[in-house]
Amino acid sequence: MKCCAAIIVAAGSSRRAGFDKLLAPLHGVRVLERSIRAFANCREITEIVVVCPEERFHAINGANLETEIPVTRVDGGAERHESVQNGLAALLYTPEFVAVHDGANLPLHSNRQGIWGVRFRTSRNGYPEACG
């Protein structure tokens with residue numbers, strides 16, 4: 001599998017939900033932290049950029065998440081595509097592939113042991129694709 005970076009776009013205001021979905025707990029862990037950890041535990045991911053307000057990142061103690069790979073926070077833009085662009089600009093290197101993930105949706109599967117994570121496989125054309 002080729003190297004892949006992850007950009008977690010979590011810059012929205014959650015106005016429609018009426019509460020901050022990204023800080024909502026899911027089995028005792030906030031949604032945003034769960035997404036970061038899921039990507040951090042994926043062997044194909046070599047870097048994570050979290051696009052979100054500084055206050056949201058601090059709320060999950062993002063600077064102190066113990067991961068084996070770099071996790072960088074960057075501010076979002078006025079529109080989603082600008083947030084993705086900010087995430088791309090914050091990458092520490094140029095990976096072959098970038099997984100762009102909506103932080104409010106969990107990129108996860110669970111196995112019989114209750115472990116949550118992200119899995120990738122190589123598609124028929126040789127590109128990585130996320131799979132449940």
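Two residues are in contact when they have heavy atoms within 4.5 Å of each other, and this is the meaning of touching and covering throughout the tour. The model on screen is predicted, and for that reason local features are described only where pLDDT is at least 70 and side-chain atom pairs only at pLDDT 80 or more, whereas totals for chains, interfaces and linings use all residues. Residues are numbered from 1 along each chain as its sequence is written, and side-chain values use heavy atoms, with hydrogens and water left out.

**The whole chain**

Begin with a cartoon view of the chain, whose secondary structure comes to three helices and 10 strands; helices (H or I, at least four residues) and strands (E, at least two) are DSSP runs, numbered from the N terminus. Followed from the N terminus, the elements run β-β-β-α-β-α-β-α-β-β-β-β-β. Of the 132 residues, 40% count as buried, where buried means under 20% relative accessible area, exposed means over 50%, and partly exposed lies in between, with a 1.4 Å probe and protein chains only. Among contacts between residues at least 6 apart in sequence, 63% join residues at least 24 apart.

**Pro 53**

Select Pro 53, which lies in the loop between β4 and α2 and is partly exposed, with a relative accessible area of 25%. Leaving aside neighbours within four places in sequence, Pro 53 is in contact with Ala 10, Ala 11, Arg 73 and Asp 75. Val 74 is 21 residues away from Pro 53 along the chain, and yet the C-alpha atoms of the two are separated by 7.6 Å.

**Arg 56**

Move on to Arg 56 in helix α2, which spans residues 54–59. Is this arginine buried or exposed? Arg 56 counts as buried, because its relative accessibility is 7%. Its side chain reaches the backbone oxygen of Ala 10 at 2.3 Å. Not counting residues up to four places away in sequence, Arg 56 touches Ala 10, Ala 11, Gly 12, Ser 14, Asp 20, Leu 22, Leu 23 and Leu 32.

**The largest pocket**

Now display the largest pocket, which has a volume of about 590 Å³. On a 1 Å grid over the protein atoms alone, a pocket is an open set of points where a 1.4 Å probe fits, with protein on both sides within 12 Å along at least five of seven lines, and lining residues have an atom within 4 Å of a point. Of the 19 residues that line the largest pocket, Ala 11, Gly 12, Ser 13, Ser 14 and Arg 16 are the closest to its centre. The lining divides into seven nonpolar, six polar and six charged residues.

**Helix α1 and Glu 33**

Colour helix α1, residues 31–40, and pick out Glu 33 within it. The helix is mostly covered, with nine of its 10 residues buried; these are Val 31, Leu 32, Glu 33, Arg 34, Ser 35, Ile 36, Ala 38, Phe 39 and Ala 40. Glu 33 has a relative accessible area of 17% and is therefore buried. The side chain of Glu 33 makes a polar contact with that of Arg 37 at 2.8 Å, a polar contact being a pair of N or O atoms within 3.5 Å, one able to donate a hydrogen and the other to accept it. Not counting residues up to four places away in sequence, Glu 33 touches Ile 60 and Leu 65. Glu 33 and Phe 57, 24 residues apart in sequence, are 8.9 Å apart from C-alpha to C-alpha.

**Two loop residues with positive phi**

Finish with His 27, in the loop between β2 (25–26) and β3 (29–30), and with Asn 61, in the loop between α2 and β5. Phi of His 27 is near 55°, a positive value in a residue other than glycine, and His 27 counts as exposed at 68% relative accessibility. For Asn 61, likewise not a glycine, phi is near 60°, and with 42% relative accessibility Asn 61 counts as partly exposed.

Notes
Grid points are joined across faces, edges and corners, and a volume is the space filled by probe spheres set on the points. Ala, Val, Leu, Ile, Met, Phe, Trp, Tyr, Cys and Pro count as nonpolar, Asp, Glu, Lys and Arg as charged, and the others, Gly among them, as polar.
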